[in-house]
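Me: I've just opened this one and I'd like to go through it slowly. Can you take my questions as they come?

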Amino acid sequence: MIMLIRLFRVVLAACALLLPLSPGMARAAYPDRHVTIIIPFGPGGAVDIAARILAEYFQTKHNITLNIVCKGGGAGAPAMLDVAKARPDGYTYGFPALSTFSTTPQVKKTGYGIKDFQGVAQITNMWLSLAVNADSPIKDFKGLIEAAKADPGKVNYATHGALSSQRLFMSGILKAFPGVELPHVAYTSGHDVSTALLGRHVTSGFGVTTNQKPYVLSGDFRIIGVASPQRLPEFPDVPTFAEQLGPEYTFPSPHGLVAPKRVPHDRVIVMQNLLKAALEDPDVKAKFSKAGLSTDFMPADQFQQEMEKIWNTVGLLLKENKLN
């Protein structure tokens, strides 16, 4: 009997030693390895800039490595398909523009839809902007239309994709100008659009203010319209499309992190909170501001609602403009 009791005590001691090594106890706090952020645009654009500012913060403040992967082309579909099919462990996220994310799957087969994702957090809201070379005789949107009428097919506009927010917005505008021929030229990133305009390969470039601001400051570009409801403080002399065409011509472009649908909710909340802290950090806010980016945090539940709202709005726009 005594031997049995001693044996029982030895077994209990061994179990006590092994207990901390059980999976639940041994697992490090999430995230305990690098996190991949897939961007459905080419490098050098506004989203890439925002992601790299956040990556620097995550590394410095939390020793968390964000692996930024820019995968442009295919109207964002290849990149977002990678996100949708990623292991749902919270180590792969997408960083799309919600309008482009909502457009592509409603126009062509992509292998994913909105039901394959969940919102994590809104990071920034960018405003669409249309620019020409600073020495162009085109001074405003009316001037662009007049130039297109005078030289049909030769005056054009570029965006970062065939199904970009900018193209969707411009398609809506051109409905008010039947018979005007203004060809669209597609690139893979806002940076590429700016480079093409700088090289005078296109007449006008439709991007976001973040990408075009450095060229305005250098004296190379003139912005002839922004899609915000009111003039932007950083561009007080630039008229809005609402001023030039009517109050209905506004178009926000929310950007944020999305996760594969089956990522555990607790991990989504961890990433949401990390992003919230990052966007409240004075150094991050200053870097965003210098790059022409706003910090517009929105938590997961609200961002999910915004995703669904924009998905439905874009669907209606596609039908109205016969792009679907």
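Me: Where does Thr240 lie?

Reply: Thr240 is in the loop between β8 and α10. Helices here are DSSP runs of H or I with at least four residues, strands are runs of E with at least two, and both are numbered from the N terminus. Keep in mind that this is a predicted model, where local features need pLDDT of at least 70, side-chain atom pairs count only at pLDDT 80 or more, and totals for chains, interfaces and linings use all residues. Residues are numbered from 1 along each chain as its sequence is written, and side-chain values use heavy atoms, with hydrogens and water left out.

Me: Why is Thr240 called buried?

Reply: Buried means under 20% relative accessible area, exposed means over 50%, and partly exposed is in between, using a 1.4 Å probe and protein chains only. Thr240 has 0% relative accessibility, so it counts as buried.

Me: What does Thr240 touch?

Reply: Leaving aside neighbours within four places in sequence, Thr240 is in contact (heavy atoms within 4.5 Å) with Val226, Ser228, Pro229, Gln230 and Arg231. Its side chain also reaches the backbone nitrogen of Glu243 at 2.9 Å.

Me: What is the phi of Ala75, and what is the phi of Arg200?

Reply: Ala75 has a positive phi of about 55° although it isn't a glycine. Arg200 isn't a glycine either, and has a positive phi of about 60°.

Me: Why is α7 described as largely enclosed?

Reply: Eight of its 10 residues are buried, so the rest of the structure largely encloses α7. Among those buried residues are Leu168, Phe169, Met170, Ile173 and Leu174.

Me: Which residues of α6 are buried, and what covers them?

Reply: In α6 (residues 141-150) they are Phe141, Gly143, Leu144, Ile145 and Ala148. The cover includes β4, α7, β7 (204-208), β8 (221-226) and α10 (241-245).

Me: What makes something a pocket?

Reply: On a 1 Å grid over the protein atoms alone, a pocket is an open set of points with protein on both sides within 12 Å along at least five of seven lines, and lining residues have an atom within 4 Å of a point. The largest pocket holds about 440 Å³ of space, and it is lined by 21 residues, with Thr250, Phe251, Pro252, Thr313 and Leu317 nearest its centre.

Me: Which element gives the most to that lining of the largest pocket?

Reply: That's α13, with seven residues.

Me: How do the lining residues of the largest pocket divide?

Reply: There are nine nonpolar, seven polar and five charged. Ala, Val, Leu, Ile, Met, Phe, Trp, Tyr, Cys and Pro count as nonpolar, Asp, Glu, Lys and Arg as charged, and the others, Gly among them, as polar.

Me: How many residues line the second largest pocket?

Reply: It has 13, of which Asn125, Trp127, Gly292, Leu293 and Ser294 lie nearest its centre. The largest share of that lining, four residues, comes from β4. About 150 Å³ of space lies in this second largest pocket.

Conventions: 1 Å grid on protein atoms, 1.4 Å probe; cavity = no way out; pocket = protein on both sides within 12 Å on 5 of 7 lines; lining within 4 Å. Points joined across faces, edges and corners; volume = space filled by probe spheres on them. Polar contact = N/O pair within 3.5 Å; in protein donor to acceptor, adjacent residues only side chain to side chain.
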